[in-house]
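Student: I have a model open and want to learn how to read its features. Where do we start?

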Amino acid sequence: MQLQHADGYCRVSTPKQVKFGHALERYIEDLEFIGIDRSRIFWDVESGASSGRKGYNLILDRVIAGITKQVFVPCFDRFLRSPLLWEEALVEFRKHGATLELLSGGLIDLNSPEGIYKSRIDAAAAAYVREKNQKAALDGWARTRRLQKAVNPPFGIKVIDDKYYVNREPYPKGGSVYEVARDVGLTYISDGTKRGTIHKLVQKYGLERVGQRNGDDFTRDRNKLTIWLRNPVIRGYTCYFGNRGKQIIVSPEPTHEALFTPLEFDQIDRLLTASSRKLVPKGTLKPLSGLVFCECGSRCIKRRNHYYCCDVYDAPGSPLDCDRRGGLSIKEAEAAVIYAISLQSKMIAAFVDSPKTTQDTPEQEELKRKLILLGDDADFEESRQSILKKLSVLRHQAGSREKDFNIRREQLVTIGANPDFWNGLIETDRRFVFLQLIERVVKSRDRILRIDLAPGLGSVTF
Ligand SMILES: [Zn+2]
């Protein structure tokens with residue numbers, strides 16, 4: 001067989017098949033065995049939610065570009081996961097005279113009606129097998145739950161023989177894991193805030209995490225701290241998905257030792273409830289929220305509804321601590337931003353007047369590509385109609401968005417001319433204007449250093 005211009009492709013459906021079954025390696029070896037060059041073998045690993053089709057798209061691109069005329073796959077269900085995808089691929093394979101060959105069962109003749117019919121059956125069968133496998137995976141979970149097997153131990157807990165135990169092994173930075181885990185909860189009880197708790201723990205144990213797995217060390221993230229403190233597993237119950245905040249408790253009675261006493265948990269719960277009450281509802285973002293940054297590079301967060309403060313722990317890779325953390329008054333920040341905008345108003349007017357080009361969104365592009373793939377084959381009339389309908393809805397939405405934008409832009413032009421403009425705006429409208437015009441506000445302690453306007457509109461230094 002002359003295989004210099006042949007490609008190989010293979011899809012495995014879960015990372016597990018790569019790790020444990022060595023399925024991927026075996027398939028690649030099979031493809032190499034028949035004489036396909038390693039550099040022409042492509043593959044995808046799919047996991048439940050992600051479709052991971054990089055290798056598949058490459059193959060299709062190579063067929064379209066005429067680089068490959070023969071594609072080998074181990075068997076049909078290692079090529080595609082849905083009949084619809086096969087219809088798309090079929091069009092390209094036929095148009096470019098490429099063949100699809102199965103190591104398990106020879107050539108699929110894409111030029112005879114029988115061959116095409118057979119391939120469609122294969123595609124449907126592959127989809128069926130895939131769905132059956134997914135169901136088996138779900139059944140596996142149900143079995144785990146029924147047997148109350150312990151999984152995913154949170155920090156402070158470990159699993160031995162499918163059961164949870166308090167982890168009394170040494171913690172790499174001193175003491176035992178159990179002691180450090182208790183320290184987390186007790187610090188929270190004495191400090192009262194999650195932020196302060198993490199600050200103190202980081203000073204004591206360092207910012208660097210221990211281990212690779214989530215449960216190997218205490219979290220440096222405030223949201224995850226809440227989830228950990230609420231996790232039923234540290235309270236002695238067997239539970240699934242406790243580490244994601246979604247809980248399915250399967251044991252009505254405790255199954256193992258808890259990290260804290262009932263009295264301590266009571267205090268923790270009271271603090272958690274109190275702090276969640278203080279949370280400002282999502283709708284009340286301040287006009288500059290998300291645009292203010294500390295000189296150290298971290299994004300600032302709103303404190304007590306009046307200040308923007310450096311949030312050093314929320315930025316991965318940021319320094320261990322920041323010495324410029326004082327709060328910048330939200331009022332002053334807005335005044336400075338309005339001042340900067342008025343300074344640059346001439347530039348802004350020019351920016352607003354420049355014509356705006358309408359571009360297709362990725363979703364529109366994808367639909368248009370699909371439309372081309374479908375060609376004018378009468379068999380696909382239904383798919384074609386449904387795509388055309390979707391496209392027209394998207395175009396309509398884009399149109400009304402643009403109209404809205406134009407009205408708002410006219411408001412923006414008045415900024416330079418009318419200082420009263422800002423007084424008439426409610427917070428949400430100010431936020432809209434700021435999001436359009438401001439790239440970032442850089443602060444140090446309680447002072448603004450620099451305001452970067454949107455690209456092309458310059459910066460104002462203070
Ligand atoms: Zn900072």
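**Reading burial and packing**

Tutor: Start with one residue. Leu-288 is buried, because 23 other C-beta atoms lie within 10 Å, and the cut-off for buried is 20 or more. Bear in mind that this is a predicted model.

Student: Where does Leu-288 lie in the secondary structure?

Tutor: Leu-288 sits in a loop, between helix H9 (262–278) and strand S10 (292–294).

Student: Which residues does Leu-288 touch, leaving out those up to four places away in sequence?

Tutor: Ala-333, Glu-334, Val-337, Phe-434 and Val-441. Leu-288 and Phe-432 are 144 residues apart in sequence, yet 9.5 Å apart in space, C-alpha to C-alpha.

Student: What percentage of contacts in the protein chain, between residues at least 6 apart in sequence, join residues at least 24 apart?

Tutor: The figure is 57%.

Student: Now a helix. How do I read its faces?

Tutor: An α-helix has 3.6 residues a turn, so residues three or four places apart point the same way. Now take helix H3 (residues 54–64), whose buried residues are Tyr-56, Ile-59, Leu-60 and Val-63. Seen down the H3 axis, these buried residues fall within an arc of 95°, so they line one face of the helix.

Student: Which residues are exposed on the other side of H3?

Tutor: Lys-54, Asn-57 and Asp-61.

Student: What covers the buried residues of H3?

Tutor: The cover includes strands S1 (6–12), S2 (41–45) and S3 (70–73), together with helix H4 (83–95). Look just past the end of H3 as well: Gly-66 takes a positive phi there, of about 80°.

Student: How do I describe a helix pair?

Tutor: Two packed helices are described by the angle between their axes and the distance between the axes. Here the axes of H3 and H4 come within 9 Å and cross at roughly 30°. That angle makes H3 roughly parallel to H4, since angles under 35 degrees count as such. H3 passes H4 in a left-handed crossing.

Student: Which residues meet where H3 and H4 are in contact?

Tutor: From H3, Leu-60, Val-63 and Ile-64; from H4, Ala-89, Glu-92 and Phe-93. The residues of this contact divide into five nonpolar, no polar and one charged. Note the link back to the buried face: Leu-60 and Val-63 are among the buried residues of H3, and both take part in the contact with H4.

Note on methods: Residues numbered from 1 in each chain as written. Predicted model: local features only at pLDDT ≥ 70, side-chain atom pairs only at ≥ 80, totals over all residues. Buried ≥ 20, exposed ≤ 12 C-beta atoms within 10 Å, placed from the backbone. Helix = DSSP H or I, 4+ residues; strand = E, 2+ residues; numbered from the N terminus. Arc of directions from axis to C-beta. Contact = placed C-beta atoms within 7 Å. Axes fitted to C-alpha atoms, helices over the stretch in contact; angles between N-to-C directions. Parallel < 35°, antiparallel > 145°, perpendicular 65-115°, else oblique. Left-handed = near helix turned anticlockwise from the far one by under 90°. Nonpolar A, V, L, I, M, F, W, Y, C, P; charged D, E, K, R; others polar.
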